[in-house]
Structure formats: structure tokens, C-alpha cells
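Subject: Structure handover

Hello,

Here is the structure I promised to pass on. My notes follow below it.

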Amino acid sequence: MDIAILINNAGVNDRNYFRNEKIEEIMEMSIVNTYSYAFLAHRLLPLMKKRSKRSLLLTIASIITTSPAAFDGIYASTKAFEQYQFES
């Protein structure tokens with residue numbers, strides 16, 4: 001498999017106060033917004049590094065990672081994970 005570009009841009013959000021979130025919604029948001037990013041990068045980066053040409057991993061997080069958000073605490077924290085995971 002020859003992969004030149006991986007664009008990570010998955011995300012789900014349920015605008016709600018944390019106290020009103022159902023645990024299933026928190027888990028779904030966490031899985032989609034963090035696990036999918038890490039899983040794809042972990043699986044595909046070794047293949048991308050083997051290419052004789054350059055490759056690109058582009059991660060699109062959210063501006064919400066820069067400040068607290070009353071209705072978006074879980075979403076903001078998962079997007080911060082994405083940002084910091086791929087900056088490291």
C-alpha cells in the first residue's frame with residue numbers, strides 16, 4: 001500500500017453540559033475523536049516512512065483547544081488530545 005497523505009479530520013460533538021452527558025456519548029466522542037486518530041497514525045506512519053518519496057500527516061483539531069468551553073468540555077479535551085498527540 002502506497003500512502004502519501006493521511007488527513008485526520010474525524011470528530012463528533014454533542015453540545016451539552018458535562019453533567020447532562022450520557023456515559024455512552026462521552027465514550028463514543030472519546031473513541032472517535034482520539035482513538036481513531038492514534039490508531040490510523042500508528043498503523044499508517046510506518047508504511048508512509050517506507051516510501052521513497054515524501055509523505056504528509058495532516059491533523060485537523062479545533063480552535064476550541066485554546067480556551068475553555070462551557071458546553072463542549074469533553075469535545076474540547078478530545079480535540080486537545082489530537083493537537084498535542086501530533087505535535088509531540
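R15 is exposed, because its relative accessibility is 57%. (Buried means under 20% relative accessible area, exposed over 50%, and partly exposed in between, with a 1.4 Å probe and protein chains only.) D72 forms a salt bridge with R15. The closest N and O atoms are 2.9 Å apart. (A salt bridge is a side-chain nitrogen of Lys or Arg within 4 Å of a carboxyl oxygen of Asp or Glu.) D72 has a relative accessible area of 6%, so D72 is buried.

Please keep in mind that this is a predicted model: local features need pLDDT of at least 70, side-chain atom pairs count only at pLDDT 80 or more, and totals for chains, interfaces and linings use all residues. Residues are numbered from 1 along each chain as its sequence is written, and side-chain values use heavy atoms, with hydrogens and water left out.

**Salt bridges**

How many salt bridges does the structure hold? There are 3. One of them joins R51 and D2, with 2.6 Å between the closest N and O atoms. This pair links distant parts of the chain, 49 residues apart. R51 lies in the loop between α1 (23–49) and β2 (56–59), and D2 in the segment before β1 (5–8). (Helices are DSSP runs of H or I with at least four residues, strands are runs of E with at least two, and both are numbered from the N terminus.) R51 counts as buried because its relative accessibility is 16%. D2 is at 60%, so D2 counts as exposed.

K79 and E82 also meet in a salt bridge, 3.1 Å from N to O. Both residues lie in helix α2, 3 residues apart, about one turn of the helix.

**Rings**

A search of the whole structure finds 1 aromatic pair. The ring centres of Y35 and F39 are 5.7 Å apart and the planes are at 25°, so the pair is stacked. (Rings of Phe, Tyr and Trp, the last by its six-membered ring, pair if their centres lie within 6.5 Å; planes under 30 degrees apart count as stacked, over 60 as edge-to-face and the rest as tilted.) Y35 and F39 both lie in helix α1, 4 residues apart. F39 is partly exposed, because its relative accessible area is 35%.

The charged end of R19 sits over the ring of Y17, 4.6 Å from its centre. (That requires NZ of Lys or CZ of Arg within 6 Å of the ring centre and within 35 degrees of the ring normal.)

Helix α2 has 15 residues. From first C-alpha to last, α2 reaches 21 Å, close to the 21 Å expected at 1.5 Å a residue. (The expected span is 1.5 Å times one less than the number of residues.) What do the buried residues of α2 pack against? They pack against α1 and β2. (Contact means heavy atoms within 4.5 Å.)

The largest nonpolar core has 6 residues: I26, M29, I64, I74, Y75 and A76. The largest share of this core, 3 residues, comes from α2. (A nonpolar core is a set of buried Ala, Val, Leu, Ile, Met, Phe, Trp, Tyr and Cys residues joined through side-chain atoms within 4.5 Å.) Leaving aside residues up to four places away in sequence, A76 touches I64 and T65.

T34 is found in helix α1. T34 is buried, because its relative accessible area is 18%. Again not counting residues up to four places away in sequence, T34 touches M29, T78 and F81.

Best wishes

Notes
The expected span of a helix is 1.5 Å times one less than its number of residues.
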